Amino acid sequence: MESGIVGGKEVKAHSRPYMASLQSDGDHKCGGFLIRKDFVLTAAHCLDTSTSEPQAGRKYLEVVLGAHNIKKKETNQQRIQVRKYFMHPNYNKYKKAGDKEKVYAVDIMLLKLKSNATLNKFVKVVELPKKKGKTPASVKCKIAGWGKRKPDKQEASNVLFETSVTLLSDSECGRVWQNYYDPACMMCSKTTKDNTFCQGDSGGPLMCNTKPSGLAIYTSQDECNNPQYPGVYLNISAFLDWIKKVMGKTD
C-alpha cells in the first residue's frame with residue numbers, strides 16, 4: 001500500500017501555509033501539517049521510509065515549512081530538525097507482531113520540532129477539529145501534496161498539487177479493504193484515474209470544509225489511481241485525546 005497527487009492542479013503558491021514537506025537526505029518522503037508552532041502531524045510509516053543519520057544510525061526526518069517548490073531554495077522556506085518523534089504507542093507494538101491490519105489503524109505520528117516555526121503569511125498553523133466525529137459520505141474534500149503525479153513515475157512533484165476527492169461510506173471502504181479498514185478510526189475517498197493521492201502524499205491532511213478531517217495513509221500499492229481501491233485516511237478526530245496528551249506533556 002502506498003500513498004503523490006494524481007491529476008488535480010498546482011495550488012496557488014503558499015495558499016496552504018500549514019503544509020510541510022518531510023525530507024530525508026534532501027529527498028521528499030511524506031507530507032505533514034503544522035498544528036502548533038512546535039508540532040507537525042503526519043503518518044508513522046513516514047519514519048520507516050526515511051534514511052538513517054550517518055553517525056547515529058537512527059532514522060530521521062527534516063521538516064520543511066513555507067515551501068511551494070521543494071527543489072528550490074525559496075527564501076521563505078524554514079528547515080527545522082525534529083527533536084522527538086511521537087509515534088502512536090501501539091504502532092511499533094503491532095508492527096513487531098506483524099499485525100498489518102492493526103498497524104494501519106494507528107499509523108499516526110507527532111513531530112516535536114527542535115525550534116518553533118516562525119509564523120507568517122507563508123507558514124501558519126491549521127486548527128484541528130474541536131470534537132470527535134466523522135465527515136459523512138458524498139462530501140467533497142481536498143488533498144494536497146508533493147507526491148508522485150503518475151503511478152509509474154519515480155520522482156515526487158517539485159511543486160505542491162491539490163485535487164478534490166469524494167468521500168465514500170464505511171461499507172464501501174470495508175467491502176474493498178476488508179480487515180485493513182477500521183470504521184472506528186478511518187475514512188476513505190473514491191479513487192479515479194485523475195483524482196487521488198499517491199506515493200509521497202502520506203501524512204498530508206484531507207481538508208473538508210477548511211478543516212483537516214483525515215490524514216492520508218494508504219491506497220493501492222501497485223497502481224495508486226486504480227478506481228477499484230479507495231484512498232484511505234485516519235480520522236483525525238478519533239485521535240484528539242492522544243494528540244492533546246502528547247502536546248500537553250511538552251508545553
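The model is predicted, so local features need pLDDT of at least 70 and side-chain atom pairs count only at pLDDT 80 or more, while totals for chains, interfaces and linings use all residues. Residues are numbered from 1 along each chain as its sequence is written, and side-chain values use heavy atoms, with hydrogens and water left out.

Helix α5 contributes the most, with four residues; helices (H or I, at least four residues) and strands (E, at least two) are DSSP runs, numbered from the N terminus. By type, the lining holds six nonpolar residues, no polar ones and three charged ones. Here Ala, Val, Leu, Ile, Met, Phe, Trp, Tyr, Cys and Pro count as nonpolar, Asp, Glu, Lys and Arg as charged, and the others, Gly among them, as polar.

S237 sits in the loop between β15 (231–235) and α5 (240–249). With a relative accessible area of 3%, S237 is buried; buried means under 20% relative accessible area, exposed over 50%, and partly exposed in between (1.4 Å probe, protein chains only). Leaving aside residues up to four places away in sequence, S237 is in contact (heavy atoms within 4.5 Å) with P129, K131, K132 and G133.

Strand β15 is part of an open sheet of seven strands, ordered β2-β10-β9-β13-β14-β15-β11 with antiparallel pairing. The edge strands β2 (9–10) and β11 each have a single partner strand, so one side of each has no neighbour in the sheet. Two strands count as paired if DSSP finds at least two bridges between them. Two bridges join β2 to the antiparallel strand β10 (residues 161–166), and K9 stands opposite E162 in β10.

The structure also contains three disulfides, each being a pair of cysteine sulfur atoms within 2.5 Å. One of them joins C141 to C208, with an S to S distance of 2.1 Å. This pair ties strand β9 (residues 140–145), which holds C141, to strand β13 (residues 205–208), which holds C208, across 67 residues. The link of C141 and C208 is right-handed, with 110° about the S-S bond. C141 has a relative accessible area of 1% and is therefore buried, and C208 is buried at 3%.

Another disulfide is formed by C173 and C188, whose sulfur atoms lie 1.8 Å apart. C173 in helix α4 (residues 170–177) and C188 in strand β11 (residues 186–189) are 15 residues apart. Their link is left-handed, with -85° about the S-S bond. C173 is buried at 0% relative accessibility, as is C188 at 1%.

C30 and C46 make up a further disulfide (S to S 2.1 Å). The torsion about their S-S bond is about -95°, so this disulfide is left-handed. C30 lies in strand β4 (residues 27–36) and C46 in helix α1 (residues 45–48), 16 residues apart. Both cysteines, C30 and C46, are buried.
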